[in-house]
Amino acid sequence: MSELNEEIQLIFGDKRLDGRKFDELRNIKIEAGILRRADGSCYLEMGKNIVVAAVYGPREVHPRHLQDPSKAVIRYRYNMAPFSVEERKRPGPDRRSVEISKVSREALESVIMKELFPRSGIDIFVEVLQADAGSRTACLNAASVALVDAGVPMKGMITSIAVAKADGVMVLDPMKEEDNYGEADIPFAFLIRGGKIESIALLQMDGRVTKDELKEAFELAKKGAMEIYKLQKEAIVKKYLESVENG
Amino acid sequence: MVEDILVDIKKDYVLSKLKEGERIDGRKFDEFRKIEIQTNIISKAEGSALVKLGNTQVIVGIKMQVGEPFPDTPDKGVIITNAELVPLASPTFEAGPPDEFSIELARVVDRGVRESEAVDLNKLCIEEGEKVWLIFIDIHALDDDGNLLDASSLAAISALLTTTVPAERFEVGDNFPLPVRDLPVSITSLIVNDKFLVDPSRDEVSVGNNFLTITTDQEDNVVAMQKSGSYLLKENRFFEILDTSISKAREIREYLKDI
């Protein structure tokens, strides 16, 4: 990560390359219930990221030997469209998306009340239509809204955000340049319950940071997560009110 | 079915011991199993190591080739890490393409080596933009008695430390030792209720696959982290684990200094 450090300046005084402050999120747009066939869905833009999430279920599990008599089986598929990045991505799962799917699924599994649905499955599909750093966090945020839209009972909301270290400074919600040329990338996801951050559901990191920088990253991430949480809630309320109005 | 019942019995035993403040094998919560490192065990490989962590055994072999650099790093060598959880190592492993566990294992080991910049990739350029050294780190599990990840990380850096770049074989100059300048060490903890156990054994893992891996470099910087498993982690617990991981890594790094 840090090899290309000298080649591009990321921090200008108290501003970043795109004019944001260190603790400022990119523009976020969230819309719930945008797909007809899915039980729950969500469209989400975060900076230049564009993702769509769909939830199917609880429904019957196929193949049937995957059924669990004590709880629902949760599946999560993070998939990048071939046209979502500069250089065409070969379709289908690569090692990176397998890992992202695993940790994202685990984050959601920890909050979905899966014991309520024995022998059934809840499938979560997230398509990255355009990627610009932080796509896994955008996908989790969308998946979380889609799960609520599908009426899947959860302990709380999952809200995800990354923090990066760029030119020695910890910055919230890195965009592509900060991710590529920065010194570290730390994606987080939190369980938010009763309007408060309760615990960590996803945590990864690569790069190089000190313990104090990690503390700083946590504070930034929690601040960013609360802002995203509000937008997630708004999107769900808006969808609900619309469906009430339309009978 | 028999396996299921055994897992439940083990789980109850592990949990009841933990209530008394003990681990089933008598270790302290922050104590590793016995560590053994043997290097240069595969003479056909450019570097190799067998690591034993208690009964867990992993071999890492390093092979090198001349190849093309990535377009965005035309003057740097390339690291490629792979893990094979072969069926010989556990009754639950199956032959075939890598599943999400082996992919995660390889990627977390890779992150530690890559982000600590342990290998000086600048010294592995042969001809800028044309030819660089490719380093293949292949992780081969032999016996999975828990914590394959830390055993693999330790085996990877040990093998790299003993690697000779086979320049003569590829007719690009004289052989030279692989330039290694840092010693990343990963520490994996099993999170159980309000406690955490480092270097969990397979029996301990019966309580659930809830792990946190933290890799640090020689200066105690964190270079890689991975929370693995469907569980929720409190922030204060995270920082406790971080402190333990930093001090444990320092201890284990001493084993690498003899290589």
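A:Val73 stands opposite A:Gly121 in β7(A), and β6(A) is joined to strand β7 (residues 120-130) of chain A by eight bridges, the two strands running parallel; strands are DSSP runs of E with at least two residues and helices runs of H or I with at least four, numbered from the N terminus. Helix α1 (residues 95-109) of chain A packs on the sheet, where it touches β6 and β7 of chain A, and its direction makes about 140° with that of β6(A); contact requires C-beta atoms, placed from the backbone, to lie within 7 Å, while axes are lines fitted to C-alpha atoms, for helices over the stretch in contact, with angles between N-to-C directions running from 0 to 180 degrees.

The model is predicted: local features need pLDDT of at least 70 and side-chain atom pairs count only at pLDDT 80 or more, whereas totals for chains, interfaces and linings use all residues. Residues are numbered from 1 along each chain as its sequence is written, and chains are lettered from A and ligands numbered from 1 in the order in which they are written.

The sheet is open and mixed in pairing, with five strands of chain A in the order β3-β4-β5-β7-β6, strands being paired if DSSP finds at least two bridges between them. Its edge strands, β3 (28-32) and β6 (73-80) of chain A, each pair on one side only.

Leaving aside neighbours within four places in sequence, A:Ala142 is in contact with A:Cys42, A:Leu44, A:Val51, A:Val52, A:Ala53 and A:Val126. Among contacts in chain A between residues at least 6 apart in sequence, 71% join residues at least 24 apart.

Definitions and conventions. Two residues are in contact if their C-beta atoms, placed from the backbone, lie within 7 Å.
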